[in-house]
Amino acid sequence: MSRVIHVFRQPDRFVAGTVGEPGDRSFYLQAMESSRTISVLLEKQQVSVLAERITALLGEVGKRFGDDVAAEPATGGSDSDPLTVPLEEEFRVGTMGLGWDADSSSIVVELLAVSEEEIDESVVLDDTEEGPDALRVFLSPSAARAFADRAEKVVSAGRAPCPLCAEPLDPEGHVCVRLNGYHERNPVTEAE
């Protein structure tokens, strides 16, 4: 069976979002164009890395092609609306690709489905018949910046980090690896 590549050349919306309570959230990316909506499931760390890499790519594009291309102002304000429902996962993301399309002055994000076989890098951002299903989204620099900003907010909206080890704090308690179960005794309070 040949692969399915969902292409969004001018998406009305491309956002990161979650379902569930902090500590038990599922992360999604959702692309919409006209009446078509595709949602893919991925890990929190993948969302974070994608936002970081998009920001870095925009900086690199600004250096190479001039700041006027990458510094395009954001249009339409920030999108803080929830994910569109019904939320039907097309696939779970395994491999991510990112590039710059100079012809359309767009950031290209490609998300490939988890695959049991090892993925050859040549299938990323390519239309070959063989390989995992994919979601390919073309974003203007302002839309890419808006996506990265929202993705960072979504990732950081979870549980607060422990001030010592930076691991998420659970409402039920937290065993901090930095404390290792050892607490120094305070001789002043013990003598009293």
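Visitor: What share of the contacts with a separation of 6 or more comes from residues 24 or more positions apart in this chain?

Guide: Such residues account for 60% of them, a contact being heavy atoms within 4.5 Å. Please keep in mind that this is a predicted model, where local features need pLDDT of at least 70, side-chain atom pairs count only at pLDDT 80 or more, and totals for chains, interfaces and linings use all residues. Residues are numbered from 1 along each chain as its sequence is written, and side-chain values use heavy atoms, without hydrogens and water.

Visitor: Which helices and strands make up the chain?

Guide: There are four helices and seven strands, in the order β-β-β-β-α-α-β-β-β-α-α from the N terminus.

Visitor: Why is arginine 136 called buried?

Guide: Arginine 136 has a relative accessible area of 7%, and buried means under 20% (exposed is over 50%, partly exposed in between, with a 1.4 Å probe and protein chains only), so arginine 136 is buried. Of the 192 residues of the chain, 34% count as buried. You will find arginine 136 in strand β7, residues 134-139.

Visitor: What makes its link to glutamate 110 a polar contact?

Guide: The side chains of arginine 136 and glutamate 110 come to 2.4 Å. A polar contact is a pair of N or O atoms within 3.5 Å, one able to donate a hydrogen and the other to accept it; neighbours in sequence count only through side-chain atoms on both sides. The 2.4 Å distance is therefore within the 3.5 Å limit.

Visitor: Why is serine 34 called exposed?

Guide: Its relative accessible area is 65%, which is over 50%, so serine 34 is exposed. Serine 34 sits in the loop between β3 (26-33) and β4 (36-42), and has a positive phi of about 55° although it is not a glycine.

Visitor: What describes the packing of α1 and α3?

Guide: Helix α1 (residues 44-65) and helix α3 (residues 141-156) pack at about 145°, with axes 9 Å apart. The axes are lines fitted to C-alpha atoms over the stretch in contact, and angles run from 0 to 180 degrees between N-to-C directions.

Terms used:
Helix = DSSP H or I, 4+ residues; strand = E, 2+ residues; numbered from the N terminus.
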